Amino acid sequence: MPWSVGGLRLGRDWVAAPDPATLRARWTALTRAEGQERELLFRPSRTRTPAAGAAALPGQRSATARFSEAPGPFPDPVRVLRAPFDEQWLLPDQRLIDSARPELWRVLDAQQLFVVETPEPLVTAHLPAGRLGRIRPLHRRPGGAEPNLAPGLLPLLGARHGGWVTPEDVLCWILAAGRPGPRGYEVPLAADPERWRAGLELGRRLLTVQLRGVRGGEPPRLPGGRRPYVRSAVTAWPRELAYDPESETLTLGDGAVSPVPTGAWEYEAQGVRVLESWFAARGAHRDPRARGLEAFGPAEWPQSWTPRRTRVRVRRGGAAGLVRERGPRRPAGGTPSGRRPSPCRAAPRLPGRPP
């Protein structure tokens, strides 16, 4: 697969989130802010600032004028892969992303698959975004045209194994037979047709698991046809994730899911457990170190605590922190005496629902 592209470099974490509602809340807070407050929330870099414009990404509708002058309407979030097996949402606005890789957006369609170079290669139908590794699209052009394979490889494999070989067949073989090597990821080719067919069968199973039902495929199931079920609903934001290997139960606060095999709980990618990484990403906004727009997390605040005003406080060293505060209580029949109305704009009202 000769054509490879570096991963998307977001430059600011708030442009991606586990759900679209969080991105809308962040967009609303940013566009309602003005002047220095907006610049602090935007978190400028050498590549992107509120005073810079950028072209719309291929296939996406977004404003192109300077963000400080005309933010434009809220862009429809798109599904992306942020970490191994962790699909999130991204604001597809090139004015907000340091390096958006337009060449990848240009070939993104229903026929495209992306191979991400990790110690164990990942395949996704969504655009990879973040620090994952180099990206190798399966096709060079939209519509599944011009496979991103070495010239002559498909005819060679077809002649060797006596049949028509497709680009997706080669991808399945890579998943089954590829191994890390001293010169990068190495893919030995089978000389035995039986070994080739066995590798394709294993590779198709691996591809089905990684795509998780995308493109009309059937979602993977546990051996024996078992499926994890929610045994106890999550009624409040879970503070911890735990696992009981005897009952194969995964607990999220007061919620419970089972059966979850021990292998799923212990499965690691890039040196971290996938389930723990997934849970941490969805609770990052509750971290005391979360600041700025990252403090807007999934819409799980109860109705009894709805932020009414937002202001920015600059701490030592220039770090901006988003501070939520309640406005003064309004007595019946009048305004608070001796107080001037705050010039801050109202923060978006977030629905009080559990995740």
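In what order do the 3 strands of the open sheet that contains E4 lie, and is the pairing parallel or antiparallel? The order is E5-E4-E7, and the pairing is antiparallel. The structure is a predicted model, in which local features need pLDDT of at least 70 and side-chain atom pairs count only at pLDDT 80 or more, while totals for chains, interfaces and linings use all residues. Residues are numbered from 1 along each chain as its sequence is written, and side-chain values use heavy atoms, with hydrogens and water left out.

Helices (H or I, at least four residues) and strands (E, at least two) are DSSP runs, numbered from the N terminus. Two strands pair if DSSP finds at least two bridges between them. Strand E4 (residues 114–116) and E5 run antiparallel and are joined by 3 bridges. Within this pair, valine 115 stands opposite valine 123 in E5.

An open sheet of 4 strands is also present, with the order E12-E15-E14-E13 and antiparallel pairing. E12 and strand E13 (241–244) stand at its edges with a single partner strand each, so one side of each has no neighbour in the sheet. The twist in this sheet averages 25° from one strand to the next. E13 and E14 run antiparallel and are joined by 4 bridges. The bridge partner of alanine 242 is threonine 251 in E14. In general, strands of a sheet pair through backbone hydrogen bonds, either parallel or antiparallel.

The loop between E14 and strand E15 (255–258) contains glycine 253. This glycine 253 is partly exposed, with a relative accessible area of 43%; buried means under 20% relative accessible area, exposed over 50%, and partly exposed in between (1.4 Å probe, protein chains only). Glycine 253 lies 15 residues from proline 238 in sequence, and the two are 4.1 Å apart in space, C-alpha to C-alpha.

A nonpolar core is a set of buried Ala, Val, Leu, Ile, Met, Phe, Trp, Tyr and Cys residues joined through side-chain atoms within 4.5 Å. The largest nonpolar core has 35 residues, of which Trp14, Leu90, Leu96 and Trp105 touch the most other members. At least two residues of this core come from each of strand E1 (16–17), helix H1 (20–32), helix H2 (35–42), strand E2 (78–83) and helix H3 (102–106). H1 gives the most, with 5 residues. Nonpolar side chains tend to be buried together in soluble globular proteins.

Grid points are joined across faces, edges and corners, and a volume is the space filled by probe spheres set on the points.

The largest pocket has a volume of about 1,700 Å³. It is lined by 45 residues, and the closest to its centre are Phe85, Val209, Arg212, Pro220 and Ala264. H6 gives the most to this lining, with 6 residues. By class, the lining of the largest pocket has 30 nonpolar, 4 polar and 11 charged residues; Ala, Val, Leu, Ile, Met, Phe, Trp, Tyr, Cys and Pro count as nonpolar, Asp, Glu, Lys and Arg as charged, and the others, Gly among them, as polar.

The second largest pocket has a volume of about 980 Å³. Of its 39 lining residues, Asp13, Arg82, Arg131, Ala281 and Ala284 are the closest to its centre. H8 gives the most to this lining, with 5 residues. The lining of the second largest pocket divides into 16 nonpolar, 8 polar and 15 charged residues.

The structure holds 1 cavity of 30 Å³ or more. The largest cavity has a volume of about 90 Å³, and the residues that line it include Phe85, Val123 and Arg212. Strand E5 (122–124) and helix H6 (193–211) are the elements that give two or more residues to this lining. The largest share, 3 residues, comes from E5.

Notes. 1 Å grid on protein atoms, 1.4 Å probe; cavity = no way out; pocket = protein on both sides within 12 Å on 5 of 7 lines; lining within 4 Å. Axes fitted to C-alpha atoms, helices over the stretch in contact; angles between N-to-C directions.
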